[in-house]
Amino acid sequence: MSTDNKISRRDALKRMGAAVISGAVASSGLLSLTSCEGKKNKRIILYFTGTGNCLYVARQLAGENGELLSIPQLVKRGKYDIEADEIGIVYPIYGHMPPNMVRQFVQKAKLKAGYKFAVLTYGARKCDAVEIWDRISQNAGNRFDYINTLIMVDNWLPNFDMNEQIKMDKHIPENLQKITTDINGQRRWHEPVTEEERQMHRDFMARAGLNPEEGFLLKSEKSFTVTDACIDCGICTYVCPRGNYELTSRGVKMSGDCEFCFACIQNCPQKAIRFTQMTEVNPNARYRNEHISLMDLKLANNQKL
């Protein structure tokens, strides 16, 4: 009997995964980005997410009639002209700064709207994140009328135990409702920043040695490693917003600029992705927002299609 038509388990998984993603994308319309060109919508929410927190917030702010657009998908397709009555952006702060991809997006984007708002999520300290975003966006010609922060579950694995974080009551529904009320009323306001918060950020940057114009922009191949626990499921290849992971004949390989969003390490079902230079508080605990599915993250960040 001929064996020419036989395929390996890895190839079968890759084909099945691609088929599922393609079908979901086609049915969801998530990647039909032509709607942001030549059509005026009531409200468009642009978002960046690694573990689902910001996607959850974006959905709540969009309401029934708003439109969600993934920043990684927009960047991939070179879509930077957005027009609507209201444009919002939701992103997680990393070291009090926006993800590099979000920073680059707003520097290239032409956001045309009568009202623009930004909601920045964080887990422990926000410091002067509001002023940092205001400075970056204004320099890019995209001034935001409303900028506020929202505390969420902190997914920074080197400092926090995910199991303990999930137990904390951070009053997310109440705080999110206040922000929603502000935005629905088109409130023009920036959350105040104290001099103490500015100094805390300066101290952090001095210790971390990060470039303030880039923030957390590292190399994935230097930051993570894949252990023998990997089963070649390919989830990391779909959830990375930069598409840094690849399934090869020798297992999963990674390379490229890394946002340090932890989408890969948090969503690996085998906990097979580990840090190379940092120790986790609880290496057996992982986090994804309870309202967001793994498929949601694949659709938001997938760089294959």
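Leaving aside its neighbours within four places in sequence, which residues is Asp 296 in contact with? I shall answer that first and then turn to the whole protein.

The structure before us is a predicted model, in which local features need pLDDT of at least 70 and side-chain atom pairs count only at pLDDT 80 or more, while totals for chains, interfaces and linings use all residues. Residues are numbered from 1 along each chain as its sequence is written, and side-chain values use heavy atoms, with hydrogens and water left out.

The residues in question are Leu 55, Arg 59 and His 291, where contact means heavy atoms within 4.5 Å. Asp 296 itself sits in helix α12, residues 294-301. Helices (H or I, at least four residues) and strands (E, at least two) are DSSP runs, numbered from the N terminus. With Arg 59, the side chain of Asp 296 also makes a side-chain polar contact at 3.0 Å. A polar contact is a pair of N or O atoms within 3.5 Å; within protein, one must be able to donate a hydrogen and the other to accept it, and residues adjacent in sequence count only if both atoms are side-chain atoms.

Is Asp 296 buried or exposed? Asp 296 counts as buried because its relative accessibility is 17%; buried means under 20% relative accessible area, exposed over 50%, and partly exposed in between, with a 1.4 Å probe and protein chains only. Asp 228, by contrast, is exposed, because its relative accessible area is 81%. Asp 228 lies in the loop between β9 (224-226) and α10 (235-239). Its C-alpha atom is separated by 9.8 Å from that of Gln 270, 42 residues apart along the chain.

Let me now consider the protein as a whole. There are 12 helices and 13 strands, and 52% of the 305 residues count as buried. Among contacts between residues at least 6 apart in sequence, 79% join residues at least 24 apart.

Next, the spaces. On a 1 Å grid over the protein atoms alone, a cavity is a set of points where a 1.4 Å probe fits but cannot get out, and a pocket is an open set with protein on both sides within 12 Å along at least five of seven lines; lining residues have an atom within 4 Å of a point. Grid points are joined across faces, edges and corners, and a volume is the space filled by probe spheres set on the points.

The largest pocket holds about 550 Å³ of space. Its lining has 28 residues, and those nearest its centre are Ile 93, Tyr 94, Gly 95, Asp 154 and Trp 156. Two elements, α2 (53-62) and β5 (115-122), each give two or more residues to this lining.

The second largest pocket holds about 290 Å³. Among its 17 lining residues, Val 153, Ile 172, Asn 289, Glu 290 and His 291 lie nearest its centre. Here α2, α6 (162-167) and α7 (172-184) give two or more residues each. His 291, then, is both a contact of Asp 296 and part of this lining.

How many cavities of 30 Å³ or more are there? The count is 2. The largest has a volume of about 100 Å³, and Cys 240, Cys 258, Glu 259, Cys 261 and Cys 264 lie nearest its centre among 13 lining residues.
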